[in-house]
Amino acid sequence: MIQKDEINEILEKYHKEKITIATLCSHSALNITYGAKQEGFRTLGICQTERVPYYRAFTEAKPDIFPPDIPSIEDPKDMLNEKFQEILREHNTIVVPTGSFVAYVGSKNLEENFFVPVQGNRKVLEWEGNRKKQKQWLENSGVKIPKEFKYPSDIDRLCITKFYGAKGGQGFFLAASEKDFYKEIEKRKIDPKKTKFVIQEYVLGSRLYPHMHFSPFSERGLKINDGWLEILGYDQRMESNIDELHRAGLSRKEMKKLGIEESFTVVGNRPVIPREKLQIPYYSIGKKIVEASQKLFSPGMLGAFCPETICTKDLDIYVFEISARIVAGTNIWSPTGAPEGWYIWGEPMYMGRRIAREIKLGIERGELEKVVY
Ligand code: AMP
Ligand code: AMP
């Protein structure tokens with residue numbers, strides 16, 4: 001594990017007036033880059049060769065420091081190369097981790113092999129990527145979570161089987177019995193002994209993804225211990241093909257007969273505004289998650305995060321997962337800002353911009369090391 005002191009040492013050598021904000025060109029890069037530009041930062045794009053022309057096409061959001069001024073990479077993991085890390089440090093770079101880091105670079109690599117300052121608490125991504133740790137976090141927080149089944153033989157209701165890592169729902173499947181489960185496993189050619197998965201009760205309701213941010217600086221939002229929790233907006237994921245299956249008007253049995261398989265692959269996001277009284281339980285969920293994180297892995301959750309939730313017909317809210325960094329659903333509010341962000345900041349405040357604002361506040365207060373690790 002890279003120690004906080006090692007990162008502080010790098011940060012101390014940085015020219016604070018020349019800080020560059022960087023991310024991998026994927027996931028929420030345009031949101032992050034545009035937001036950083038709006039806050040007056042230089043930006044840098046870590047970009048795979050094949051994507052360079054496409055990211056350049058977004059004239060205003062395209063990172064300032066971009067191939068060919070810096071090398072492009074072939075694989076996201078290439079950003080771990082010592083030479084590439086050196087380039088990032090030379091540009092006084094703070095890297096914003098996204099779902100692509102979790103999915104393609106891996107939280108272990110960030111923890112052990114990436115000697116470049118990262119926005120937020122580097123330790124937190126391990127708590128996101130490891131489902132056992134994530135469950136411990138959620139259980140400690142006291143929020144409602146779906147029931148989990150240890151063995152397929154325990155399945156006694158409709159369940160969803162989910163695999164490890166931020167894979168955007170890919171390959172997840174439903175099963176209502178042990179027999180159902182093994183049928184699906186067989187069809188998908190999965191070896192249950194070699195694959196890590198969890199079996200969760202399938203909660204019926206409306207999915208809501210609140211865009212949360214926790215700051216030791218902002219003095220806006222809900223006060224929690226030594227910091228402030230803000231909810232900047234909400235979204236709902238569009239998942240293919242599960243969202244549209246009902247249109248075929250077939251029962252699950254009929255679909256199986258026709259060889260139609262449900263799938264949860266995320267393809268986009270839509271804006272959501274919850275019923276106003278629900279803003280209160282959502283703040284309460286965020287508070288519980290932040291407080292648990294502070295006890296489990298000090299200094300705990302910093303910056304952007306998202307408890308992924310389902311709100312039932314009785315308005316009970318279940319948290320089925322936490323993303324412990326910017327979620328791509330925040331892209332829908334960039335650069336206009338959702339109402340919730342406006343109500344806190346009085347200006348368009350979307351997550352990419354909010355992250356840059358936090359870095360700016362850290363620099364202004366001479367406390368950048370509080371929000372970067
Ligand atoms: P990508 O760079 O699009 O491959 O995304 C990196 C990871 O984040 C993948 O595991 C995706 O499934 C996930 N992801 C990307 N976009 C979204 C989105 N709009 N909503 C939720 N997850 C996403
Ligand atoms: P996840 O990778 O945990 O974000 O899950 C991907 C998608 O699967 C979610 O966006 C939901 O649509 C669905 N999902 C995950 N867990 C549950 C659950 N316990 N109940 C119902 N749907 C779920």
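**Figure 1. Gln236 in strand β10.** Gln236 is a residue of strand β10, shown here in a predicted model. Gln236 has a relative accessible area of 17% and is therefore buried, since buried means under 20% relative accessible area. A polar atom of its side chain lies 2.9 Å from the backbone oxygen of Arg207. When residues up to four places away in sequence are not counted, Gln236 touches Ser206, Arg207, Tyr209, Gly268, Asn269, Arg270 and Val272. Strand β10 also holds Asn241, and the peptide bond that joins Ser240 and Asn241 is cis, with omega about 10°.

**Figure 2. The surroundings of ligand 2.** Ligand 2 is surrounded by 18 residues, of which Gln200, Tyr209, Glu239, Glu308 and Glu321 are the closest. By class, this shell has nine nonpolar, two polar and seven charged residues. Six strands each supply at least two residues of the shell: β5 (159-163), β7 (197-201), β8 (206-215), β10 (227-241), β12 (303-311) and β13 (317-323). Residues of the shell come from both domain 2 (147-201) and domain 3 (204-245 + 266-349 + 359-366), so ligand 2 lies between these domains.

Figure 3. Which side chain has an N or O atom 2.5 Å from an oxygen atom of ligand 2? That side chain belongs to Tyr209. A nitrogen atom of ligand 2 is 2.9 Å from an N or O atom in the side chain of Gln200. For the side chain of Lys162, the distance from an N or O atom to a nitrogen atom of ligand 2 is 3.0 Å. On its own, ligand 2 has 470 Å² of accessible area, and the protein covers 97% of that area.

**Figure 4. The domains of the chain.** The domain assignment gives domain 1 (4-119), domain 2 (147-201) and domain 3 (204-245 + 266-349 + 359-366). Between the C-alpha centres of domain 1 and domain 2 there is a distance of 35 Å.

**Figure 5. Helix α2 and its cover.** Helix α2 spans residues 29-38, and its buried residues are Ala29, Asn31, Ile32, Thr33, Gly35 and Ala36. An α-helix has 3.6 residues a turn, so residues three or four places apart point the same way. The cover over the buried residues of α2 includes β1 (20-24), β2 (42-46), α3 (52-56) and α13 (351-365). After α2 comes Gly40, which has a positive phi near 90°.

**Figure 6. Ile94 in strand β3.** Strand β3 (residues 93-95) contains Ile94. Is Ile94 buried or exposed? Ile94 counts as buried because its relative accessibility is 0%. Apart from neighbours within four places in sequence, Ile94 is in contact with Ile19, Thr20, Ile21, Ala22, Pro117, Val118, Gln119, Ile359, Leu368 and Val372. One of these residues, Pro117, is 23 residues from Ile94 along the chain, yet their C-alpha atoms are separated by 5.1 Å.

**Figure 7. Glu111 in helix α6.** Glu111 belongs to helix α6 (residues 107-113). With a relative accessibility of 6%, Glu111 counts as buried. Its contacts, not counting residues up to four places away in sequence, are with Met1, Ile2, Arg122, Lys123 and Glu126.

**Figure 8. Thr312 in the loop between β12 and β13.** Thr312 is a loop residue, placed between β12 and β13. A relative accessible area of 13% means that Thr312 is buried. Not counting residues up to four places away in sequence, Thr312 touches Val203, Leu204, Gly205 and Tyr318. How many residues lie between Thr312 and Leu204 as a separation in sequence, and what is their distance in space? The two are 108 residues apart in sequence and 6.2 Å apart in space, C-alpha to C-alpha.

Figure 9. Pro68 lies in the loop between α3 and α4 (82-90), and the peptide bond from Pro67 to Pro68 is cis, with omega near 10°. Lys189 lies in the loop between α9 (178-187) and β7. Although Lys189 is not a glycine, its phi is positive, about 55°. Lys189 counts as exposed because its relative accessibility is 77%. Glu219 is placed in the loop between β8 and β9 (222-224). Phi of Glu219 is likewise positive, near 55°, in a residue other than glycine. Glu219 has 57% relative accessibility and so counts as exposed.

Methods
Residues are numbered from 1 along each chain as its sequence is written. Chains are lettered from A and ligands numbered from 1 in the order in which they are written. This is a predicted model: local features need pLDDT of at least 70, side-chain atom pairs count only at pLDDT 80 or more; totals for chains, interfaces and linings use all residues. Side-chain values use heavy atoms; hydrogens and water are left out. Buried means under 20% relative accessible area, exposed over 50%, partly exposed in between (1.4 Å probe, protein chains only). Helices (H or I, at least four residues) and strands (E, at least two) are DSSP runs, numbered from the N terminus. Contact means heavy atoms within 4.5 Å. A residue is near a molecule or strand if one of its heavy atoms lies within 4 Å of it. A polar contact is a pair of N or O atoms within 3.5 Å; within protein, one must be able to donate a hydrogen and the other to accept it, and residues adjacent in sequence count only if both atoms are side-chain atoms. Accessible areas come from the Shrake-Rupley method with a 1.4 Å probe; for residues, only the protein chains shown count as cover. Ala, Val, Leu, Ile, Met, Phe, Trp, Tyr, Cys and Pro count as nonpolar, Asp, Glu, Lys and Arg as charged, and the others, Gly among them, as polar. Domain bounds come from an automatic or database domain assignment.
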